[in-house]
Amino acid sequence: MILDTFIAKVDPENPTLNKDIIAKAADIIKNGGLVAFPTETVYGLGGNALDGEAAKKIYAAKGRPSDNPLIVHISHIDELYPLVEEVSPKAKALMDAFWPGPLTLIFKKKPIIPSETSGGLDTVAIRFPENKVAKEFISACGVPIAAPSANTSGKPSPTRASHVAYDMTGRIDMIIDGGSCEFGLESTIVDTTCEPPCLLRPGAVTLGMMKELIGDMTVDKAVVSALKEGEKPKAPGMKYTHYSPKAHITIVKGSLDMVEKYIIEQADKGKAEGCNVGIIATVQTKDSYSGHNVLIIGDRDHPETIAANLFKMLRKCDYLGFERVYVEYFDEDELGMAIMNRLKKAAGYDIVVL
Ligand code: TXA
Ligand code: MG
């Protein structure tokens, strides 16, 4: 069935000015429908987390395999305890330091979480977002909100309402437009059911920030490298192809001089072959590529700008019809770990090392 998707703007700084819109969105959720909403990471595709039928609708709207569990969003710390069996002291320390914020924690689930929401696992991922519109919306719903990123499965996560509209028009009931997302990469995910806790997906809350607080942590293999045949990531979603634009993406690693030289050679070659080539460059390097299709992703001295623009750039590659795209490599420390995790997946791990 094709739905009549309703899009409404809400003031990101003061969502209480738009109480009527938030109330309409909450009514849709209470009636089993789906509403996309902004968070500080990416837009989420929300449904009632306690309703297995709503979870099924989410999987259908995204075209997502139903063994890939959904993150459950809350708007107050007290809403956590009815959903989970146990909160370890380290989980509590992470919550105290980083909630509300871009951090998702995995706990043993209580039976109130339906297996559709948890993808059949006995654990559940919980996130308490900081975005004002998200908090207002979740609180108005009066139930926890299951929400994956609001993109078609396999596509880059949406960081603008227009991205959600592109993927989801006709598939969901409503989109709350709360402007662009602050961080632009999905939340950090940490499994707190094991000791030491394990990083399953890197994000804006970095490994360094967490280790400083709770000591040793392990890192799931799927975070930094491609998995081999038969290997399984601890976050089921990390096994799927992700963020992939239609273009073939190649990451180029080396000293910046050599990277620029290589990319110019390849772009000239591609152009001569009649191929629509794009280059994802930075403020520091953009002028080296004159005469080519250059997208500026951000400033190397401010990695948060690169994180915030990454998914928008990957979507632009599609909108501009690029067939081949070259991207400069970024250092994999701190936020760079999250940036490169997403870029490597988008490139299908095609990295040229000079
Ligand atoms: O920033 C975010 O986390 C966004 C916003 C909307 O909150 N949400 C998001 O959800 O990125 P999604 O569904 O696109 O990614 C959730 C990831 C998937 O890789 C999934 O496999 C993993 O979390 N996950 C969910 N529940 C899990 C569990 N119980 N154990 C392990 N991994 C889990
Ligand atoms: Mg996603």
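1. Let's start with β1 and strand β8 (residues 174-177), which run parallel and are joined by four bridges. Strands here are DSSP runs of E with at least two residues, numbered from the N terminus, and two of them count as paired if DSSP finds at least two bridges between them. Look for F6, which sits opposite M174 in β8.

2. A word on what you are looking at: this is a predicted model, in which local features need pLDDT of at least 70, side-chain atom pairs count only at pLDDT 80 or more, and totals for chains, interfaces and linings use all residues. Residues are numbered from 1 along each chain as its sequence is written, chains are lettered from A and ligands numbered from 1 in the order in which they are written, and side-chain values use heavy atoms, leaving out hydrogens and water.

3. Now step back to the sheet: 11 strands make an open sheet with mixed pairing, ordered β1-β8-β2-β3-β7-β4-β6-β5-β9-β10-β11. At its edges are β1 (6-9) and β11 (218-219), each pairing on one side only.

4. Next, visit β13 (residues 277-281), a mostly covered strand with five of its five residues buried; buried means under 20% relative accessible area, with a 1.4 Å probe and protein chains only. In a regular strand, side chains alternate between the two faces of the sheet. In β13, V277, I279 and A281 point one way, while G278 and I280 point the other.

5. Which strands pair with β13? One is β15 (residues 324-328), parallel to β13 and joined to it by four bridges, with Y326 opposite I279. Another is β14 (residues 293-296), also parallel over four bridges, where N293 is the bridge partner of G278.

Notes: Buried means under 20% relative accessible area, exposed over 50%, partly exposed in between (1.4 Å probe, protein chains only).
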